[in-house]
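This report covers the surroundings of a ligand and a nearby sheet in one protein model. Please have the sequence and the structure open while reading.

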Amino acid sequence: MIGDPTAGLGEPALRAWWMPFTHNRHFKAHPRLITSGKGAYYTLADGHRVFDGLSGLWCCPLGHSPDRVVQAVQRQVATLDFSPSFQMGHPAAFSLAERIARFAGRPNDRVFFVNSGSEAVDTALKIAVAYHRARGESSRTRIIGRERGYHGVGMGGISVGGIVSNRKMFAPLMIPGVDHLPHTFDPAQMGYSRGQPEWGAHLADELERLVTLHDASNIAAVIVEPMQGSTGVIVPPRGYLKRLREICTRHGILLIFDEVITGFGRLGTPFAADFFDVQPDLITFAKAVNNAAVPLGGVLASESIYDAFMSGPEHLIEFFHGYTYSAHPLGVAAAHATLDELLEQRLIDRAAHLAPVLEEAIHSLRGEPLVADIRNLGLAAAVDVTPVPGKPALRAFQVFEQALSRGLLPRFTGETIALAPPFISTEDEVRNAVEILRAALRAAA
Ligand code: PXG
């Protein structure tokens, strides 16, 4: 803990907020409070500045409060604070949808706006099942996710997700008819891989096994994160995603890429679909789309999927789905400003340029105390640490605390520490973040 981070906030002031994905009792006894952010740094309540090693929660590639986004949101809230998206529309939402489709290199796609990654995932699953039904293939209802996958916390997302702690308490609420592909992480085969592992493309063939089990006529879609982020930067083996695409195409199964983390530049390309040269039928996005200034997400759907819905009388709604805040004017304004900044400042190229800097630095931690594996892809990296015997997840937290006290905010989850710096970082900042992590590992050992 750094100094007195409560800065005058007593325990009662911390009581009411039931915090998400947080050890609430421990946190409230030892709070870590952020009071402001600018560029690649947060300021904590005790005045310490820390480098934002995970771009918020993977969502602030431009750093914090970039002027252009701040001004766009300020202008927007004063001009049109809210506009209904059911049976009405505001012009900037249409132009944003068109821009995002072009940015994705899929100019004929349609974009459905939501407010979070979880909503994007549940929306994509609904589109997939309804698409088949609209085409007269209503038996195609099964969805295939993947072990270790994270697809948010909606009922659909936890069902197709593969993280046991996010699932085990909620079994009765999960959607039926879901299978999981095996995850692709095998340290014996791919330990300390730089970028994509050579081993593991054959794991995609498990999809053929599921098709043989259920028959393709019962399967609607496969959903995967092209690079698994939350579970600790699990990088797809070379050829794996292409093989998944081929099998889906052969059997008329829709392929959904959940690009909530990888979308908008994290791998040094607009989307991971570009990086891997594999085009899915549906892409979910959120987070970096508008630098997280206002919640916004969405789903990119291919034209043929959209067209399948556009039947029946024209005065009737085609897709009974949407949110009060779909295409919220503030979120949309922030997204336009974020895209302007990403493109004009060539920040995705910059992410691509920083990727090998991060790779070199992070792999130099091999052999340091506690280090069990290191992985990286694009401007993202993870270090697995050896667990404290009998106390799962404690070690990464200890390393996290050591890093925070030295001026770096990384992400810890399970036995993994992850880094995904803002695209605006300098090479030195990236190297320095890793040096802080090195000191933290030594101190925690
Ligand atoms: N899909 C993917 C691939 C995600 O990574 C979601 C869906 C859900 O998004 P929302 O906006 O509903 O939270 C995510 C979210 C971490 C971390 O530390 C990752 C996420 C969220 C919070 C922390 O890795 N991913």
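Two residues are in contact if their C-beta atoms, placed from the backbone, lie within 7 Å. Axes are lines fitted to C-alpha atoms, for helices over the stretch in contact, and angles run from 0 to 180 degrees between N-to-C directions. Helices (H or I, at least four residues) and strands (E, at least two) are DSSP runs numbered from the N terminus.

The model is predicted: local features need pLDDT of at least 70, side-chain atom pairs count only at pLDDT 80 or more, and totals for chains, interfaces and linings use all residues. Residues are numbered from 1 along each chain as its sequence is written.

Helix α16 (residues 394-405) lies across β12 (380-385), β14 and β15, and runs at about 165° to β14. The strands belong to an open, antiparallel sheet of four, ordered β11-β12-β15-β14 (two strands pair if DSSP finds at least two bridges between them). β11 (371-377) and β14 each have a single partner strand, so one side of each has no neighbour in the sheet. On average, neighbouring strands are turned by 20° against each other, direction ignored. β14 pairs with β15 (residues 416-419) over three bridges, and Arg-411 stands opposite Ala-418 in β15.

β14 (411-413) also gives two or more residues to the shell around the ligand, as do α3 (55-58) and α6 (117-134). The shell holds 18 residues (C-beta atom, placed from the backbone, within 6 Å), the closest being Ser-116, Gly-117, Ser-118, Gly-152 and Val-260. α6 supplies the largest share, three residues.

| Class in the shell | Residues |
|---|---|
| Nonpolar (Ala, Val, Leu, Ile, Met, Phe, Trp, Tyr, Cys, Pro) | seven residues |
| Polar (the others, Gly among them) | eight residues |

The ligand shell lies between domain 1 (11-65 + 346-444) and domain 2 (68-344), because both give residues to it; the domain bounds come from an automatic or database domain assignment.
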